[in-house]
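User: I want to learn how to read features off a protein model. Can you take me through some, idea first and case second?

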Amino acid sequence: MTDSKQATATNHRPVLVVDFGAQYAQLIARRVREARIYSEVVPHTATVEEIRAKNPAALVLSGGPSSVYAEGAPELRPELLDLGIPVFGICYGFQAMTHALGGTVANTGDREYGRTDLNVNGGVLHDGLEATHKVWMSHGDAVHAAPEGFTVTASSAGAPVAAFECAERSMAGVQYHPEVLHSPHGQEVLTRFLTEIAGIEQNWTAANIADELVEAVRAQIGPEGRAICGLSGGVDSAVAAALVQRAIGDRLTCVFVDHGLLRAGEREQVERDFVAATGAKLVTVHEQDAFLSKLAGVTDPEAKRKAIGAEFIRSFERAVAGVLESAPEGSSVDFLVQGTLYPDVVESGGGSGTANIKSHHNVGGLPDDVEFELVEPLRLLFKDEVRAVGRQLGLPQEIVSRQPFPGPGLGIRIIGEVTAERLETLRAADLIARTELTAAGLDEEIWQCPVVLLADVRSVGVQGDGRTYGHPVVLRPVSSEDAMTADWTRIPYDVLERISTRITNEVADVNRVVLDCTSKPPGTIEWE
């Protein structure tokens, strides 16, 4: 794969979220951006020089599962606290900061987990809030004495020092988790640190994101470069394509790969809506046989994703010849545009040294011999930021608000081998679910509703007065802001009943419909 400077929005001084192994490190970054301030996640192993080179506006030290006294616990380099950069500690980060600055952290034997009363005693962070209010705690150790020069501003039953501040050094911290919704004033507290203690301007908006991204793409591709965009029909690739088209005009050609893993009506919708909205050049290539051939006999989820990612690239390479037919003589297509998002990077093990949850076809699933230089203008954005950029670019609501659909398509919604017959079964069930949810007016309430075919599972049923031995179908309705965390959506029982009745009556070989009511974490949104 050609090395390149990615076209990403990095003109803002970032707030760096230093990840000490927190479950919610990406959520902290998301909350910083909700304050209209740019943020990125970096691993705690980043060197002082690497952090200094990013010229951060502030550091936020995340929580983590360790005790500061445990062997092998993530280390906070004391030198970071001497850079003159504002610092905010959360949970483990709060304790690590205390320890590094000479305060006292001890194991009290009194653990606090869940909603806890916080007793406020002045300070900037909690000014004007109720003297006692609920926060979300998750800790065993506790700070017993604040570092010299810090003022204790809050306490709880299990944390004698639950918050402190030092205006002179622009530093503060809290023992609880302000980033989770269970801390009702958490966003306000985090924003106060960023604006009133760190003095950061709130200028991270859809308008300046769009302008910066267009300029970054223009600089990466250059005045004569040509690009193709792998258009899936989803909001991510559509916004990426619109950005690149604004940057380089008709030197962009969008390629829609019909890989046979699409939902019913998907190709027709893409060809109609996207071209009408942008006027972009669109080439559709029919690759159903190639993808099914690569997926034959494959059942492992990671192997599926990698096979699909590799075949996407091969499809684009085959499409280049057609694109060049209408280009000036001697032209080449050197750039491939993708709608990669920050959650894709994080879950594929990139960005912050996190574990590889699953390889996204456009990140961990790409082959090593890609001949294109990648252009990924959305690589550091969350989904709602992408939607905001799309609106700023003038894309219609039908595209911007479209429910997410994974690049690997129905290939990762069939548990087991992917075959043409199983795809037809899943398409039929999926269409029924989507139709009924839309008819019930639930599209705005649901982030997405994957329909999953358990192809390697059979269950006994009774249909037409006879015994059947068919497949279960799973409904997975979820609500989310950015796909990093999600909760299952409470669909009315009558809607679920209509979906179940129609699927078991109308879709051959399916005799059971079940509801997945798992949040993320512990589950992911997709089953594979």
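Analyst: We start with helices. Helices are DSSP runs of H or I with at least four residues, numbered from the N terminus. Keep in mind that this is a predicted model.

User: How many residues apart are R502 and E506, and in which helix do they lie?

Analyst: The general idea comes first. An α-helix has 3.6 residues a turn, so residues three or four places apart point the same way. Now the case. R502 and E506 both lie in helix α14, four residues apart, or about one turn. Their side chains meet in a salt bridge, with N to O at 2.9 Å. R502 is partly exposed at 26% relative accessible area. E506 is partly exposed too, at 48%.

User: Which residue meets R498 in a salt bridge?

Analyst: Side chains of opposite charge can pair when their charged atoms come close. Here the partner of R498 is D494, at 3.7 Å from N to O. The cut-off for a salt bridge is 4 Å. R498 and D494 sit four residues apart in helix α14 (residues 493–506), so about one helical turn separates them. Relative accessible area is 36% for R498, which makes this residue partly exposed. D494 is partly exposed as well, with 42%.

User: Which residues are linked in a network of salt bridges?

Analyst: The network links E436, D494, R498, R502 and E506.

User: How many salt bridges does the count come to?

Analyst: The count comes to 29. One of these salt bridges joins D82 and R169, with the closest N and O atoms 3.8 Å apart. D82 lies in the loop between β3 and β4, and R169 in the loop between β8 (159–166) and β9 (171–174), so this pair ties together parts 87 residues apart in sequence. D82 counts as exposed, at 60% relative accessibility. R169 is partly exposed, at 33%.

User: Where does UniProt place the feature "active site"?

Analyst: The UniProt entry, which is unreviewed, places "active site" at C91, H177 and E179. These positions span 89 residues in sequence, but no two of their C-alpha atoms are more than 11.0 Å apart, so they gather at one spot.

User: Is C91 buried or exposed?

Analyst: The threshold for buried is under 20% relative accessible area. C91 has 4% relative accessibility, so C91 counts as buried. C91 lies in the loop between β4 and α3 (92–100).

User: What is the phi of C91?

Analyst: Most residues other than glycine have a negative phi. C91 has a positive phi, near 55 degrees, and is not a glycine. R36 is another case to read this way: its phi is about 60 degrees, positive in a residue that is not a glycine. R36 is found in the loop between α1 (25–34) and β2 (39–43). With a relative accessible area of 38%, R36 is partly exposed.

User: How many residues of α3 are buried?

Analyst: Seven of the nine residues in α3 are buried, so this helix is mostly covered by the under 20% cut-off. The buried ones are Y92, G93, F94, Q95, A96, M97 and T98. After α3 comes G102, which has a positive phi near 95 degrees.

Technical notes. Residues numbered from 1 in each chain as written. Predicted model: local features only at pLDDT ≥ 70, side-chain atom pairs only at ≥ 80, totals over all residues. Heavy atoms only, no water. UniProt positions renumbered as here; feature names shortened; annotations may be inferred. Helix = DSSP H or I, 4+ residues; strand = E, 2+ residues; numbered from the N terminus. Buried < 20%, exposed > 50% of the residue type's maximum accessible area, 1.4 Å probe, protein only.
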